Amino acid sequence: MCGIFCCFSKSSEPHSCLENDLLRSLQKRGPDAQSVLNINTVSATFAGFVLWHQGVYLCKQPMESSEYVLLFNGDIFNLEALTDASGISDTEWLFHKLSKCSTDGEILNCFRLIEGPYCLIFYDKLEGNIYFARDSLGRNSLLIENTKDHLRILSTSRSNDENKNTTVELPPLGIFKINIKNFDKSTVFPWHHIDDYWKSQANILESVCGIKLFVEQAVEPYWFSQQSSLEKYTFNFYSFDAQELSAVQLYDHLLKDKEILEALREFSSLLENSVKQRVQLTTKVCAKCSILPCNHSKVAILFSGGIDCTILALLADKFVDKADSIDLINVSFQQANSELENWNVPDRESARQSLTDLKALCPNRTWNFIEANVTRKTLYTNLKENIKHLIYPLNTVLDESIGCAFWFASQGYGLLDGSPFESNAKVVIVGSGADELFGGYIRHKNAYKRCNGTHEDKEKCLYEELEMDWQRIPTRNLARDDRVIADSGRTPRSPFVEENVVKFARSLKPRQRCCFLYDDGVGDKLFLRLYGYKAGLTTPTFLKKRAIQFGSKIANKKENAKDRSLYL
């Protein structure tokens, strides 16, 4: 994960806005190298802060030639398929590729090929064009601020009176192009076709930033347009008359169906490849070591013990070097309005139970179970001083709770077997996206149950709820989580939010992802739970879904999640 910053001043007067607290926030994201480039002819500043993962040597940013400047934050996971050059970093490859483009169409063709989470800023000095974007799934954070003084594009900002109500999370609508002769209009090349949600996000961007958007041809990434096995499966969880069976009997019954088994095999292949990429594409040494051998953890997993993260831990074991440990970080908070420090919260208990399954299935792995315990005093001190700026520009009680939980977990400080311990991992694996893809939220169940009509009507309501959740995940979750986790100097990676995994999951009908005829912990995320059960994860398979804010006890149940936080 890197921190990137770009500012174009609208005044001929000296302009500096990269200093003090903002500079430190960006440095935390990229602790391995930093560089600042000033282009005085256009009053522009570019700055890059690098966390090194790919390439045989560290690639500093910004990258510059006589014609172009590139800032890139992310990972190109299919780089081997795109180049014969070994050992090159994804940033260096992309810069050389873009530098050869002479038209917008050639630039779009370049981005059609790329798979992986990223955001970038690419400046054409000769034409005065600024290209910037978040990837089509919106996994990494990029903010935009357009004021009377400057246009800023950056990974993270600061909440203060000067920029309040002017900062927007750039929606992943496509590739934007602004010419420095007019900062108030932008061309946008949409990733995909335009729908009503795309238009609503575009309207917000236009109204807050005062930038008029002009839509041109769509990018249509190759992974999205490829022909695949879309809708090739016909199984229907609702058609199995098995409500009288126990949960275990039901799952055993479903796993006798050949079509379900084939779908699980296809999904397994895709998810395994996603996990493999995300745990292996990093340096061979941890954050604290500089020479080999290093058998410290390079990978940590935010671990509540639920089915999502436990599946990811099990798969990580297949692809992480057997000599390395893997960190499992579990966070617990002192309950609101309580003087007692009781760390045995629901997520701590479920994590210990699921850890027993992992140890049985992976007996040769060293699992570092790190217990992060946070008092209310520590919580609010860090929230006021730092975390509120990382959550910005989001501002709800829910953003506060989830943002703080992820921040403290990703810091990697806690107890290991009762002794103080700090994770040295450079990669943090998170289970984001599983609930949105497979129907894990109570609102999905409510959409089905509360719909008056036929089963087809109910499934349509559920489908619409799932689609809405998927469209909103870049705005509601991914960008915020990127900012709070990357503040630890680690890179968040989400194996469920991978191009081909997403394409497969969304090709399944709602009736093939979940089934609300059954109890919570059985029918929600049924496809994913079946996958975990088949893999041998008997304990986490049947644990009920708990949101992290409740499982860790950070949330105050007297507060409304949608209300404006008093601290943000």
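1. A helix here is a DSSP run of H or I with at least four residues, a strand is a DSSP run of E with at least two, and both are numbered from the N terminus. With that in hand, P293 is found in the loop between α8 and β14.

2. A word on provenance. This is a predicted model, in which local features need pLDDT of at least 70 and side-chain atom pairs count only at pLDDT 80 or more, while totals for chains, interfaces and linings use all residues. Residues are numbered from 1 along each chain as its sequence is written, and side-chain values use heavy atoms, leaving out hydrogens and water.

3. Overall layout. The protein chain is divided into domain 1 (2-223) and domain 2 (247-552); such bounds come from an automatic or database domain assignment. Taken over C-alpha atoms, the centres of the two domains are separated by 28 Å. The contact between them (heavy atoms within 4.5 Å) takes 38 residues from domain 1 and 37 residues from domain 2.

4. An antiparallel sheet. Six strands form an open sheet in the order β2-β3-β1-β9-β8-β10, with antiparallel pairing; two strands pair if DSSP finds at least two bridges between them. At the edges are β2 (33-39) and β10 (167-169), each of which pairs on one side only. The twist from one strand to the next averages 10 degrees, where axes are lines fitted to C-alpha atoms (for helices, over the stretch in contact) and angles run from 0 to 180 degrees between N-to-C directions. Helix α15 (residues 455-486) lies across β8 and β10, at about 105 degrees to β10.

5. A mixed sheet. An open sheet of seven strands has the order β18-β17-β16-β15-β14-β19-β20, and its pairing is mixed. Its edge strands, β18 (419-422) and β20 (491-493), each pair on one side only. Neighbouring strands of this sheet are turned by 35 degrees against each other on average, direction ignored. Helix α9 (residues 307-319) lies across β14 (299-302), β15 (326-333), β16 (367-374) and β19, and runs at about 165 degrees to β14.

6. At one end, β19 (residues 427-429) and β20 pair in the parallel sense over three bridges, and V427 stands opposite T491 in β20. Elsewhere, β16 and β17 (residues 413-416) run antiparallel and are joined by two bridges, with E371 standing opposite L415 in β17. Strands β17 and β18 also run antiparallel, joined by four bridges; the bridge partner of G414 in β18 is F421. The hairpin of β17 and β18 has two residues between the strands, and D417 takes a positive phi near 55 degrees there.

7. The second largest pocket. A pocket is defined on a 1 Å grid over the protein atoms alone: it is an open set of points with protein on both sides within 12 Å along at least five of seven lines, whereas a cavity is a set of points where a 1.4 Å probe fits but cannot get out, and lining residues have an atom within 4 Å of a point. About 1,100 Å³ of space lies in the second largest pocket; grid points are joined across faces, edges and corners, and a volume is the space filled by probe spheres set on the points. Where does the second largest pocket lie? Both domain 1 (2-223) and domain 2 (247-552) give residues to its lining, so the pocket lies between them.

8. The lining has 47 residues, of which H53, Q54, L281, T282 and T283 lie nearest the centre. Elements giving two or more residues are α1 (20-29), α2 (79-82) and α8 (258-280), and α8 gives the most, with four residues. By class, the lining has 19 nonpolar, 19 polar and nine charged residues, where nonpolar covers Ala, Val, Leu, Ile, Met, Phe, Trp, Tyr, Cys and Pro, charged covers Asp, Glu, Lys and Arg, and the others, Gly among them, are polar.

9. Backbone details worth a look. A cis peptide bond joins Q61 and P62, with omega about 0 degrees, and P62 is found in the loop between β3 (44-50) and β4 (63-64). K525 is not a glycine, yet has a positive phi of about 50 degrees; K525 lies in the loop between α16 (499-507) and α17 (526-534).
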